Amino acid sequence: MTTSQQMIMRPDDANIVGNVHGGIILKMIEEAGCIIGTRHCNTQNGDRCLAALVRVEKTEFLSPVFIGEVAHVTAEITYTSKHSLEVQVKVMAENILTGAKKLANKAALWYVPCSLQNVDKIMEVPPIKYDSTEKEEEGRKRYETQKMERLETKARIEEVVPPPPNPEKHSVGFSQSSLIHLVGPSDCTLHNYVHGGVTMKLMDEVAGIVAARHCNTNIVTASVDAINFHRKIMKGCVVTVTGRLTFVSNKSMEIEVLVDATSLVEAEKGKYRAVSAFFTFISLDKHNRPLPVPPLKINGEEEQRRFEEGNARYLHNKAKRLAEKQQQ
Amino acid sequence: MTTSQQMIMRPDDANIVGNVHGGIILKMIEEAGCIIGTRHCNTQNGDRCLAALVRVEKTEFLSPVFIGEVAHVTAEITYTSKHSLEVQVKVMAENILTGAKKLANKAALWYVPCSLQNVDKIMEVPPIKYDSTEKEEEGRKRYETQKMERLETKARIEEVVPPPPNPEKHSVGFSQSSLIHLVGPSDCTLHNYVHGGVTMKLMDEVAGIVAARHCNTNIVTASVDAINFHRKIMKGCVVTVTGRLTFVSNKSMEIEVLVDATSLVEAEKGKYRAVSAFFTFISLDKHNRPLPVPPLKINGEEEQRRFEEGNARYLHNKAKRLAEKQQQ
Amino acid sequence: MTTSQQMIMRPDDANIVGNVHGGIILKMIEEAGCIIGTRHCNTQNGDRCLAALVRVEKTEFLSPVFIGEVAHVTAEITYTSKHSLEVQVKVMAENILTGAKKLANKAALWYVPCSLQNVDKIMEVPPIKYDSTEKEEEGRKRYETQKMERLETKARIEEVVPPPPNPEKHSVGFSQSSLIHLVGPSDCTLHNYVHGGVTMKLMDEVAGIVAARHCNTNIVTASVDAINFHRKIMKGCVVTVTGRLTFVSNKSMEIEVLVDATSLVEAEKGKYRAVSAFFTFISLDKHNRPLPVPPLKINGEEEQRRFEEGNARYLHNKAKRLAEKQQQ
């Protein structure tokens with residue numbers, strides 16, 4: 001139940017100073033998860049199906065990856081419920097000139113098998129065998145936790161407000177950015193909806209532009225909060241991806257990214273929020289050391305509320321990291 | 001009736017010295033136009049349809065764009081007739097490290113809505129509201145002018161003659177170049193014909209190679225004359241794009257680009273001229289200042305005729321620019 | 001000394017009926033070979049180096065690969081001489097919906113390690129350990145054979161003659177095609193010259209267009225004769241790839257592909273032949289069964305000579321396949 005793949009990082013995968021974009025890593029992770037998940041779910045009778053991404057757990061980018069390095073992506077199915085499966089993915093970056101290897105990312109993804117005949121029909125997942133009952137129990141706990149979180153989290157209904165005409169430097173409106181993308185065949189491969197990895201790559205791209213505008217330095221993705229994929233984005237849609245700063249600490253920026261989809265040709269169906277997430281970026285100097293980040297200028301109650309929510313997430317994550325360190 | 005998007009320029013979008021290709025800018029402009037046009041035309045009842053590009057007005061590349069800069073593309077529907085609509089597009093390039101912004105390009109494109117059920121059926125365009133009757137009147141004038149020009153201009157039936165075996169340096173045959181491209185799914189996205197932007201990108205690529213072969217320096221697209229899209233290029237075609245120098249002034253080169261399409265699977269349909277256009281390139285030194293261009297060696301009457309026609313276009317454009325300056 | 005990777009095949013990797021292009025398979029094979037070879041050659045002291053492709057042995061495409069299938073590429077270093085190494089690569093195609101797997105391709109590639117400091121300096125290759133002295137002996141034989149062939153084969157100095165103005169259907173000139181490609185950063189990745197796999201992909205693309213123009217049906221790559229990479233193609237070059245039919249049997253077409261490179265910025269260096277090869281294509285019906293191929297119309301002595309040489313290669317390969325079958 002494992003799969004592995006290797007890819008050499010190319011200039012187009014990276015920013016000007018050679019750091020591979022977090023979005024490229026997320027896309028590789030999701031591709032590996034989709035392959036292993038789809039393969040597993042088709043080992044039984046019934047409709048042929050595809051593993052569709054429904055959730056990515058919070059993930060951290062542990063080391064930067066550079067152009068010319070080889071990324072090794074290893075994926076393993078670690079838990080199965082009746083209708084979903086968990087894939088854990090590890091990304092190692094190898095410098096093939098020096099032989100040095102480093103852990104770049106570890107992520108956990110949840111998939112559900114969708115019938116190829118009928119995209120709304122969820123198939124059953126064949127159970128896996130566990131090495132021990134402890135492993136199974138731990139998996140069940142992770143499953144229950146994410147299930148509850150997914151039920152609680154509705155698609156954030158936050159409105160996207162266009163920035164004011166001449167936004168002040170270091171305000172939220174100053175760095176707010178959005179891109180539109182017409183969903184093409186390569187975004188969908190086997191079915192009629194966009195791969196989760198493609199969407200995450202676009203989200204990271206926009207978040208990166210927001211971060212760079214705020215601090216005008218080399219920036220990299222530090223972490224991504226848990227992402228729930230509420231609704232599928234179908235072929236023939238236009239996707240609008242908007243990013244805006246919610247919170248800034250001394251050395252990090254939190255960017256909220258909202259993904260809306262509209263069918264180009266069936267306008268009556270209206271716009272819908274497909275995904276939303278929080279990306280955290282840091283700013284680096286020439287030697288890849290963190291730089292201080294300019295403070296965020298807050299205007300209005302809405303921005304103030306989002307800032308406080310972001311601060312709460314920041315403090316919560318900090319406490320969690322500290323607790324984990326003390327456990328070790 | 002406006003849309004805007006932002007894209008970061010990547011290494012593959014640019015030449016070796018970092019100048020983003022004019023063709024990449026044209027492709028972004030056309031994508032924005034296609035999205036806003038298709039969206040507008042589907043706001044009424046009847047067949048679902050797609051906005052197909054029929055004409056791009058003469059456009060100038062006002063400032064070079066570099067790798068790592070963010071291109072902002074803003075599109076607006078500025079006129080609608082019964083069966084066509086005009087989209088005006090503006091491209092700003094932003095250096096996100098310094099915050100500096102510059103106007104890179106302004107273009108006007110004409111689209112007609114083609115039914116998705118039947119590619120030859122032209123749908124009606126829902127009328128837009130104008131800010132003032134003056135704006136509407138100006139739009140009508142632009143519409144009439146381009147309509148007349150499109151009726152007058154047939155596809156140029158100029159033959160493509162292969163260059164002689166050992167062409168002399170700086171002759172027309174020396175730099176003449178052509179490429180073939182097999183139309184793939186990503187070139188077509190939603191329908192069965194190639195996006196106008198994809199074709200313009202290929203045309204700029206060939207024109208750039210012709211210009212670089214003539215002067216062996218860093219070259220950039222300075223402007224493109226009005227382009228009429230006479231016939232659609234369907235999926236399953238091979239496109240042959242040929243470029244050749246027609247005219248050279250002190251500091252600019254005019255390159256005629258001819259696009260022929262042949263269906264690979266329906267050979268009896270034969271080859272047809274789909275598009276033709278004139279691209280103007282300039283040669284730049286390390287500091288992005290214009291360099292003198294080597295004179296063009298003319299052989300034969302045909303080349304002489306094309307040179308004189310090119311010279312007339314050059315003088316006409318020069319006079320027009322001068323008149324515009326004096327008006328200001 | 002093995003490496004493996006997996007990739008899902010996308011619409012852009014295939015032709016209209018869904019067959020993945022042979023060139024995409026060759027590119028994946030070469031990427032795997034470059035990674036394992038570069039990694040191995042950097043396990044010793046001295047300059048850091050890159051494995052540069054110098055030869056691909058004759059290879060056959062054993063089963064078609066389709067969009068949505070997962071290609072598994074496994075590479076192994078099977079022989080090392082003082083200055084070169086052999087990599088054997090196997091490609092399996094897996095239908096992840098049914099679990100069916102098939103062998104798509106087996107290939108052997110030869111690499112030499114080039115110093116990153118000085119592209120013309122060939123480094124030494126650390127020796128590998130063999131499972132048995134027989135294996136080592138077999139490897140040495142393959143090494144000697146290919147060395148002799150590479151010394152004998154100079155770059156084919158065949159001239160590329162442009163086709164006549166109105167070529168007759170099914171003549172050589174009728175289907176002759178060429179493309180130009182400006183070498184971009186993604187073609188080069190770590191060094192200043194184009195990956196062998198990128199060149200092979202372009203060669204397969206041109207050969208496929210020639211084959212489709214000749215028979216106007218669905219065509220696929222059946223095999224590629226041994227390819228020697230005589231000279232590196234450096235960054236800043238324009239590559240001209242030309243394909244023309246040399247020989248046609250009942251059910252196959254042999255296409256000669258010639259690759260010429262010219263530096264755009266250092267014009268004095270002139271054009272040079274970088275690679276040449278023979279690709280064999282077959283024509284398939286809807287059920288992927290071979291179709292008869294229209295006979296080739298020969299004009300002039302040069303075409304006659306090339307046809308006879310092609311026929312000799314065809315008969316030689318046929319006899320070889322027969323002998324291999326009888327051995328089994």
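Predicted model: local features only at pLDDT ≥ 70, side-chain atom pairs only at ≥ 80, totals over all residues.
View 1. With a relative accessibility of 18%, A:N15 counts as buried, because buried here means a value under 20%. When the neighbours within four places in sequence are left aside, the residues in contact with A:N15 are A:H21, A:N218 and A:I219.

View 2. A:D204 is buried, its relative accessible area being 4%. Apart from the neighbours within four places in sequence, A:D204 is in contact with A:H21, A:G22 and A:G23, and also with A:T221, A:F279 and A:F281.

View 3. The UniProt record, which is an unreviewed entry, places the feature "active site" at A:N15 and A:D204. Although these positions are spread over 190 residues of sequence, they cluster in space, with a largest C-alpha distance of 12.2 Å.

**View 4. Chain B and chain A as rotated copies.** Chain B is superposed on chain A by a rotation of 120°, with 0.0 Å of shift along the axis and an RMSD of 0.1 Å. The two copies are therefore related as by a three-fold rotation axis. The copies use different surfaces where they meet, for 13% of the contact residues of chain B recur in chain A.

**View 5. The interface between chain B and chain A.** At this interface, 30 residues of chain B are in contact with 25 residues of chain A. The size of an interface is often given as the accessible area that is lost when the parts come together. Between chain B and chain A the buried area is about 2,400 Å², and carbon and sulfur atoms give 61% of this area.

View 6. Two salt bridges are counted between chain B and chain A. B:E94 forms a salt bridge with A:R213, and the closest N and O atoms of this pair are 2.3 Å apart. On the side of chain B that touches chain A, the elements giving two or more residues are β1 (2-8), α1 (22-41), β4 (70-80) and α4 (185-188) of chain B. The largest share of that side, five residues, comes from β1(B).

Definitions and conventions: Residues numbered from 1 in each chain as written. Chains lettered and ligands numbered in written order. Heavy atoms only, no water. UniProt positions renumbered as here; feature names shortened; annotations may be inferred. Buried < 20%, exposed > 50% of the residue type's maximum accessible area, 1.4 Å probe, protein only. Contact = heavy atoms within 4.5 Å. Least-squares fit on C-alpha atoms with pLDDT ≥ 70 in both. Buried area = accessible area lost by both parts, 1.4 Å probe. Salt bridge = Lys/Arg side-chain N within 4 Å of Asp/Glu carboxyl O. Helix = DSSP H or I, 4+ residues; strand = E, 2+ residues; numbered from the N terminus.
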